[in-house]
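I opened this notebook to keep a record of what I looked up in one structure.

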Amino acid sequence: MLSAKVDAARLQEIREERGLSTTQLAALLSAELGRTVHQSTVSKHENGARQPRPDMFNAMCRVLNVERDELLLPAKANA
C-alpha cells in the first residue's frame with residue numbers, strides 16, 4: 001500500500017498536459033497493466049475519491065512519463 005497520497009489535482013494536470021482524456025489514459029493504463037482500467041477509475045483518482053494501488057500508481061508514472069514524486073502530495077499534506 002502507498003503510504004503517501006496521490007495529488008489528485010496534479011494527476012489531472014499532468015494528464016491534460018499530455019493531451020489525454022480520462023478515457024485515453026484508462027486505455028493506456030489497461031495496456032500497461034494487462035487488465036481493464038475504466039475511465040471512471042481514472043476519474044475517481046483525479047477527484048481524490050480513490051487512491052491508486054501500487055501497481056496502478058507505478059503504471060501511471062510509466063504511462064505519463066513522470067517521476068513518482070511528481071504525483072505525490074508533499075509529506076506534510078499526507079498527515
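At what angle do helix α2 and helix α3 pack, and how far apart are their axes? Before answering I noted that this is a predicted model, in which local features need pLDDT of at least 70 and side-chain atom pairs count only at pLDDT 80 or more, while totals for chains, interfaces and linings use all residues. Residues are numbered from 1 along each chain as its sequence is written, and side-chain values use heavy atoms, with hydrogens and water left out.

**Entry: the α2 and α3 pair**

I found that helix α2 (residues 22–33) and helix α3 (residues 39–46) pack at an angle of about 110 degrees, and that their axes are 8 Å apart. The axes are lines fitted to C-alpha atoms, for helices over the stretch in contact, and the angles run from 0 to 180 degrees between N-to-C directions. The two helices, α2 and α3, are therefore roughly perpendicular to each other, a term that covers 65 to 115 degrees. On the α2 side I listed Thr22, Thr23, Leu25, Ala26 and Leu29 as making the contact, and on the α3 side Gln39, Val42, Ser43 and Glu46; contact here means heavy atoms within 4.5 Å. Sorted by class, the contact of α2 with α3 holds four nonpolar, four polar and one charged residues, where Ala, Val, Leu, Ile, Met, Phe, Trp, Tyr, Cys and Pro count as nonpolar, Asp, Glu, Lys and Arg as charged, and the others, Gly among them, as polar.

**Entry: the whole chain**

I then counted elements and found four helices and zero strands in the chain, which reads α-α-α-α along the sequence; helices (H or I, at least four residues) and strands (E, at least two) are DSSP runs, numbered from the N terminus. The chain has a radius of gyration of 12 Å, which agrees with the value near 12 Å for a compact globule of 79 residues; the radius is taken over C-alpha atoms, and the globule rule is 2.2 Å times the number of residues to the power 0.38. Along its principal axes, the C-alpha trace spans about 35 × 25 × 20 Å. Of the contacts in the chain with a separation of 6 or more, 58% are between residues 24 or more positions apart. I recorded an accessible surface of about 4700 Å², with 48% of it belonging to carbon and sulfur atoms; these areas come from the Shrake-Rupley method with a 1.4 Å probe, and for residues only the protein chains shown count as cover. Buried residues make up 34% of the 79 residues, where buried means under 20% relative accessible area, exposed over 50% and partly exposed in between (1.4 Å probe, protein chains only).

Is Glu46 buried or exposed? Glu46, which lies in helix α3, counts as buried at 9% relative accessibility. Not counting residues up to four places away in sequence, Glu46 touches Ala8, Ala9, Leu11, Gln12, Arg15 and Thr22. His45 is also placed in helix α3 and is buried, with a relative accessible area of 3%. Leaving aside its neighbours within four places in sequence, His45 is in contact with residues including Ala8, Leu11, Met56 and Met60.

**Entry: α4 and the segment after it**

In helix α4 (residues 54–64) I looked up Arg62, which counts as partly exposed at 48% relative accessibility. Arg62 and Glu32 are 30 residues apart in sequence, and their C-alpha atoms are 8.5 Å apart in space. Asp55, found in helix α4, is partly exposed with a relative accessible area of 31%, and beyond its neighbours within four places in sequence it is in contact with Leu33 and Arg35.

Asn65 sits in the segment after α4 and is exposed, with a relative accessible area of 65%. I flagged its phi, which is near 55 degrees, a positive value in a residue other than glycine. Most residues other than glycine have a negative phi. Glu67 is placed in the segment after α4 and is exposed, with a relative accessible area of 58%.

Notes
Parallel < 35°, antiparallel > 145°, perpendicular 65-115°, else oblique.
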